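Hi there,

Here is the structure I promised to pass on to you. Have a look at it first, and then read my notes below.

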Amino acid sequence: MIYRTDYESPLGRVTLASDGESIVGLWLEGQKYFGDTVNGEMRKDDRLAIFAKAGDWLDRYFRGEKPAIAEIPLAPAGNRFRQEVWKILCDIPYGEVTTYGAIARMIAGRLGLEKMSAQAVGGAVGHNPVSIIIFCHRVVGANGSLTGYSGGIRTKIRLLEHEKADMTGLFIPKKSTAP
């Protein structure tokens with residue numbers, strides 16, 4: 001059984017999902033791929049201890065604190081490749097960004113491959129089921145383009161600004177539609 005609750009954030013309503021022990025999903029309202037890693041219906045339950053813990057983590061994050069990812073048990077569903085990408089996302093420091101290509105090089109090294117596609121990494125980043133807590137908003141294109149955030153480019157910008165990231169050299173691509 002997967003349970004869900006809602007959390008009101010400065011970005012709007014967020015849906016949290018849990019297996020009862022760990023967070024398996026965190027999606028912004030209207031987010032692309034909303035709930036795609038959950039099989040079946042999510043049952044609403046606002047009383048789970050894990051939801052209180054995640055809500056406290058989010059409260060502190062949105063107050064400008066830097067809570068550690070390790071404080072929240074996470075269990076996002078995904079294949080080995082996606083899991084490896086998401087582990088790397090967890091290590092990106094607050095207020096910093098990295099590129100899809102840099103993550104591809106790290107993954108290639110971890111998997112013993114000569115090279116890895118930055119596009120494949122982009123797919124894994126885009127399907128991250130635990131937005132905000134697993135830091136997919138901290139990944140940008142090699143040229144500084146703000147692409148690939150399933151919660152929308154404007155939300156990605158708001159999260160990076162909230163973390164006081166250096167936005168110099170980052171831009172919205174002209175062909176992008178920024179919701």
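**What I found**

At 71% relative accessibility, Lys164 counts as exposed, where exposed means over 50% relative accessible area, buried under 20% and partly exposed in between (1.4 Å probe, protein chains only). Lys164 lies in the segment after α5 (153-162), and its phi is near 60°, a positive value in a residue other than glycine. Helices (H or I, at least four residues) and strands (E, at least two) are DSSP runs, numbered from the N terminus.

Before going on, a word on the source: this is a predicted model, in which residues are numbered from 1 along each chain as its sequence is written, local features need pLDDT of at least 70, side-chain atom pairs count only at pLDDT 80 or more, and totals for chains, interfaces and linings use all residues. Side-chain values use heavy atoms, with hydrogens and water left out.

**The other positive phi**

Ile132 also has a positive phi, near 70°. Most residues other than glycine have a negative phi. Is Ile132 buried or exposed? With a relative accessibility of 0%, Ile132 counts as buried. You will find Ile132 in the loop between α4 (118-126) and β6 (139-140).

**The sheet**

Next, the strands. Four of them form an open sheet with mixed pairing, in the order β3-β2-β1-β4; two strands pair if DSSP finds at least two bridges between them. β3 (23-28) and β4 (42-44) stand at the edges with a single partner strand each, so one side of each has no neighbour in the sheet. On average, neighbouring strands here are turned by 35° against each other, direction ignored; axes are lines fitted to C-alpha atoms, for helices over the stretch in contact, and angles run from 0 to 180 degrees between N-to-C directions.

Helix α1 (residues 49-62) packs on the sheet and touches β1, β2 (12-18) and β3, with its direction at about 25° to that of β1. Contact means heavy atoms within 4.5 Å.

Strand β1 (residues 2-9) runs parallel to β4, and three bridges join them. Arg4 has Lys44 in β4 as its bridge partner. β2 and β3, by contrast, pair in the antiparallel sense over five bridges, with Leu16 opposite Leu26 in β3. These two strands form a hairpin with four residues between them, and Gly20 in the turn has a positive phi of about 105°. β3 is mostly covered, with six of its six residues buried.

**The cores**

A nonpolar core is a set of buried Ala, Val, Leu, Ile, Met, Phe, Trp, Tyr and Cys residues joined through side-chain atoms within 4.5 Å. Which members of the largest nonpolar core touch the most other members? Of its 38 residues, they are Leu58, Val85, Leu89 and Ile132. At least two residues of this core come from each of β1, β2, β3, α1, α2 (80-90), α3 (100-111) and α4. The most come from α1, with seven residues. Not counting residues up to four places away in sequence, Leu58 touches Tyr7, Leu16, Leu26, Ile132 and Ile133. Another core, of seven residues, lies apart from it and includes Leu146, Ile153, Ile157 and Ala165.

In α5, the buried residues are Ile153, Thr155, Lys156, Ile157, Leu159 and Leu160. Their cover includes β3, α1, α3 and β6.

**How the helices cross**

α2 and α3 pack at an angle of about 125°, with their axes 10 Å apart. That makes α2 oblique to α3: angles under 35 degrees count as roughly parallel, over 145 as roughly antiparallel, 65 to 115 as roughly perpendicular and the rest as oblique. Residues of α2 that meet α3 include Arg80, Phe81 and Glu84, and among their counterparts in α3 are Ile103, Met106 and Ile107.

The axes of α2 and α4 come within 9 Å and cross at roughly 75°, and these helices are therefore roughly perpendicular to each other. Phe81, Arg82, Val85, Trp86 and Leu89 of α2 make this contact with Ala120, Val121, Ala124 and Val125 of α4.

**One last spot**

Gly151 lies in the loop between β6 and α5. Leaving aside neighbours within four places in sequence, Gly151 is in contact with Leu28 and Gln31.

Enjoy exploring it!
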